[in-house]
Amino acid sequence: MRRAFELRKLAIERGDQPYGAVIVRAGRIVGEGVSAVITTPDPTAHAEIQAIRDAARRLKSRDLSGAEMYGTSRACPMCEAGAYWAGLSRLWYGESIAGGEAPGLR
């Protein structure tokens, strides 16, 4: 979670929304994301989606089963759906590391 908050700070420094996210599998960060909705012409560039994209690229697979996402805030419906389709097992959020729920399609 500490890394997610470092990425949140980076997003703010870049002039974007204050969100960061990481994806962890087997105790290792396999994906990172910084919000880029303001600084790029991409309305889907939420930190969580960026982290999913990064993990899929690094692992060379769209199947992220067994991985968990840690984000600076609760995932929006788009990001939760992306986590569901990627196969993430749990979503954690906030400084108190709340959540721990399996992603779903709400």
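These notebook entries record what I looked up in a predicted model.

**Entry 1. Ground rules.** I number residues from 1 along each chain as its sequence is written, and side-chain values use heavy atoms, with hydrogens and water left out. Local features need pLDDT of at least 70 and side-chain atom pairs count only at pLDDT 80 or more, while totals for chains, interfaces and linings use all residues.

Entry 2. I took helices (H or I, at least four residues) and strands (E, at least two) as DSSP runs, numbered from the N terminus.

**Entry 3. Nonpolar cores.** I searched for nonpolar cores, each a set of buried Ala, Val, Leu, Ile, Met, Phe, Trp, Tyr and Cys residues joined through side-chain atoms within 4.5 Å. The largest has 17 residues, of which Ile23, Ile52, Leu64, Met69, Ala83, Leu88 and Leu91 touch the most other members. Two or more residues come from each of β1 (20–25), α2 and α3. With 5 residues, α2 gives the most to this core. I then listed the contacts (heavy atoms within 4.5 Å) of Ala83. Leaving aside neighbours within four places in sequence, Ala83 is in contact with Ile52, Met69, Leu88, Leu91 and Pro103. Another core, of 8 residues, lies apart from the largest one and has Met1, Ala11, Val22 and Val24 among its members.

**Entry 4. Salt bridges.** How many salt bridges does a search of the whole structure find? I recorded 5, where a salt bridge is a side-chain nitrogen of Lys or Arg within 4 Å of a carboxyl oxygen of Asp or Glu. One of them joins Arg3 to Glu32, with the closest N and O atoms 2.8 Å apart. This pair links distant parts of the chain, as Arg3 is in helix α1 (residues 2–13) and Glu32 in strand β2 (residues 28–34), 29 residues apart. Arg3 counts as partly exposed at 29% relative accessibility, and Glu32 counts as partly exposed at 24%.

Asp54 forms a salt bridge with Arg57 at 3.7 Å between the closest N and O atoms, and another with Arg58 at 3.1 Å. Arg58 and Asp54 are separated by about one helical turn because they are 4 residues apart in this helix. Salt bridges that share partners also join Arg3, Glu6 and Glu32 into one network.

Terms used: Buried means under 20% relative accessible area, exposed over 50%, partly exposed in between (1.4 Å probe, protein chains only).
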